[in-house]
Amino acid sequence: MDHTDPPLLDDELAAFVCREVSITVASCDDDRIPHLARGTGCRISPDRRQLTVLLAAPAAAEVLADVRGSGRVAVVFSLPATHRTLQLKGVDAVVVSAAPSDAEHAARHADAFASGLELLGYSAAVIRSVLQAAPAELVAIRFTPSFGSLQTPGPEAGQALRA
Amino acid sequence: MKLKLDAIRGCLDGAIPGTIATCSADGVPNAAYLSQVQYVDADHVALSWQFFNTTRRNILANPFARVALIDPLTAAHYRLLLRYRRTEEEGPLFEIMRAKLAGIASHTGMAGVFRLLGADVYRVLEIVQVPGATLPPPPPRANLLAALRASVEELCLCSELDGLLAQTLDCLERHFDIHHAMILMLDSSAGRLYTVASKGYDASGIGSEIALGDGVIGVAARERTPIRIGHFAADYSYGKAIRDNLERSGQAASMDTEIPLPGLPRANSQLAVPIRTGQRVLGVLYVESAQEQRFSYDDEDVMVSLAGGLGAAMQLLHHGTQDHCDENRGTAHLPPAAPTGPPLQVRHFGENDSIFLDAEYLIKGVAGSILWTLLRDHAETGRTAFSNRELRLDPRIRLPDISDNLEARLILLSRRLVERKVPIRIEKTSRGCFALRVERPLQLSHVPAPG
């Protein structure tokens, strides 16, 4: 990707990935065996070019290993209330330490996500438990989204953000 | 200990959508949300194929998939490594998933968007619990195995089909806390199921019919498999059939030959289980609830077991009753009372064996044919005592086949007469014997089938 290109995410999409969305991270190893992990929050750089997805390291061990090996990652963001779903992929992903403020960021994300789902009739206690991450276990994957597609179920699912 | 798929079935009912990761032939990962993960057997699951998307392209090129599932009660998080095996585009598994998807689609506002193209079957290679916090499981709602045992013990004591049907519905209520249920028998030559017993509805719907393939009951019978839906689905709703029926009957009440199906106006949970003996489907046990996700995989297991016992008992009673009538006992305690009052006009339409009493529809089909035969014999000879055995052999009745459950037809006819409060009754007098009781003079007329 040329740095003169505009970022893949516009302001609206940049805001979307930081909302109370469900975040799922996928990777695969050298044998093309896929792995999955749940994200517990997302930060975006001021120029909208880089995403940093937070994860609990023990639950994401295989994904972290894959990303360290290949730099490839796919992340899906979905807002349960509307089913709006966005997938972003990158080829330059790196595993980085969590920033000091990330523990609070992850806790806020889990709270917002659980509250959103509670309105839809889900058990907030279960959702909080799923996303619960000890601050010491937080780690992050940072990447430049080089491909994106909207995946909200329907006729336009799979439509690329930019050809 | 190695985790078994059976142990995490609670995660498969879709309360929290699962996620899937796949990988293209050239190593590009992809993630997606799953509408449905279906338990197939101890080693296989099926995923719904709804769209030609990246997941689909990937698994055709590289058959490995990773699926993450969360237990909706304990938050326990599992990851499964799967290998794609095949796609089924028809048959029991496809229909199970199609019905369930209809419920999920309607629940999530995706009706009209979700359409099942195929059931993708995967072998489960590995199940791992993801490290993380979990919640203690809530106490179980009930001990389903104890309920099943108590029910089966009670059903074993039933010596007649009528009692067996009533006892089954009673057991569902007392032991399983299921308050809306019906039992339908299959007329395989007509391709229809008819209701012989029900519980929990304003109108019993005895005698109402459903075509094979219609709604969860018809699909369960046609595909010989349990069908279970945890959310309201318009396509599978009998409430709609009832409303349509009511509308129709409002327009043409006098000639309508449809008995409305019983059913909740809005069933959010439905479970239909075939009643079988060997390879033959005898009928369907159907339960429903206004509560969402009321029936789990475990409920389905016990209902299948209960229906198994029911099928065996039906078969046993069916064979046991055929030749057991002591016809002399049949009339002993029923001296024929002389019919009084204005004559009742009984019309029989040869076209479909429907019977109308004055202007009111009573019954049609085999049950109509039985009643017509009884009434004609009664009119010609004054006889009131009959046996199941002679009816079974009577060419006028045209039973669909020798294995047809005549007993069930008689139960249906007998209940229908009582429900319609007509001055005609058939009453069991002893095993395999019954008496016809006519309280008003009858005027019989036959309308031959056209052509």
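User: In this predicted model, what percentage of the contacts in chain B with a separation of 6 or more comes from residues 24 or more positions apart?

Analyst: The model is predicted. Among contacts in chain B with a separation of 6 or more, those between residues 24 or more positions apart account for 67%.

User: How many residues does chain B have, and what percentage of them is buried?

Analyst: Chain B has 11 helices and 20 strands. Its C-alpha atoms fill a box of roughly 85 × 45 × 35 Å along the principal axes. Of the 451 residues in chain B, the buried share is 55%.

User: Which residues does B:Phe176 touch, not counting residues up to four places away in sequence?

Analyst: B:Phe176 is one of the residues of the largest nonpolar core that touch the most other members. Not counting residues up to four places away in sequence, B:Phe176 touches B:Leu144, B:Ala147, B:Leu148, B:Ser151, B:Cys171, B:Arg294, B:Val302, B:Met303 and B:Leu306.

User: How many residues are in the second, separate core?

Analyst: Members of the second core include A:Leu51, A:Val53, A:Val63 and A:Phe143. The number of residues in this separate core is 27.

User: Is B:Glu300 buried or exposed?

Analyst: B:Glu300 sits in helix H7 of chain B. Leaving aside neighbours within four places in sequence, B:Glu300 is in contact with B:Pro226, B:Arg228 and B:Leu271. The relative accessible area of B:Glu300 is 16%, which is under the 20% cut-off, so B:Glu300 is buried.

User: How far apart in space are B:Leu116 and B:Ile259, C-alpha to C-alpha?

Analyst: B:Leu116 is in the loop between helix H2 (92–107) and strand S7 (118–129) of chain B, and is buried at a relative accessible area of 6%. Not counting residues up to four places away in sequence, B:Leu116 touches B:Ser48, B:Trp49, B:Phe94, B:Met97, B:Arg98 and B:Leu101. B:Leu116 and B:Ile259 are 143 residues apart in sequence, and their C-alpha distance is 33 Å.

User: How much area do chain A and chain B bury between them?

Analyst: In the interface, 35 residues of chain A are in contact with 43 residues of chain B. Of the area buried, 64% is on carbon and sulfur atoms. The area that chain A and chain B bury between them is about 2900 Å².

User: Which residues in chain A lose the most area to chain B?

Analyst: Together these residues make up 22% of what the chain A side buries. They are A:Arg32, A:Pro34 and A:Leu36.

User: How many salt bridges does the rule find across the interface of chain A and chain B?

Analyst: Over all chains, the whole structure has 34 salt bridges. Across the interface, the rule finds 15 residue pairs in polar contact, both residues at pLDDT 80 or more. The number of salt bridges across the interface of chain A and chain B is 0.

User: Why does the salt bridge of A:Asp111 and A:Arg128 tie together separate parts of chain A, and how many residues apart are they?

Analyst: The side chains of A:Asp111 and A:Arg128 meet at 2.2 Å, N to O. A:Asp111 is partly exposed at 40% relative accessible area, and A:Arg128 is partly exposed at 32%. A:Asp111 lies in helix H3 (residues 102–119) and A:Arg128 in helix H4 of chain A, so the pair ties together parts whose separation in sequence is 17 residues.

User: Which residues are linked with B:Glu154 in a network of salt bridges?

Analyst: B:Glu154 forms a salt bridge with B:Arg174, with the closest N and O atoms 2.5 Å apart. B:Glu154 lies in helix H3 (residues 144–156) and B:Arg174 in helix H4 (residues 161–176) of chain B, so the pair ties together parts that are 20 residues apart in sequence. In the network, B:Glu154 is linked with B:Asp170, B:Glu173, B:Arg174 and B:Lys199.

User: What is the phi of B:Asp353?

Analyst: Most residues other than glycine have a negative phi. B:Asp353 lies in the loop between strand S14 (344–349) and strand S15 (354–357) of chain B, and counts as buried at 9% relative accessibility. Although B:Asp353 is not a glycine, its phi is positive, about 60°.

Conventions. Residues numbered from 1 in each chain as written. Chains lettered and ligands numbered in written order. Predicted model: local features only at pLDDT ≥ 70, side-chain atom pairs only at ≥ 80, totals over all residues. Heavy atoms only, no water. Helix = DSSP H or I, 4+ residues; strand = E, 2+ residues; numbered from the N terminus. Buried < 20%, exposed > 50% of the residue type's maximum accessible area, 1.4 Å probe, protein only. Core = buried A, V, L, I, M, F, W, Y, C linked by side-chain atoms within 4.5 Å. Contact = heavy atoms within 4.5 Å. Buried area = accessible area lost by both parts, 1.4 Å probe. Salt bridge = Lys/Arg side-chain N within 4 Å of Asp/Glu carboxyl O. Polar contact = N/O pair within 3.5 Å; in protein donor to acceptor, adjacent residues only side chain to side chain.
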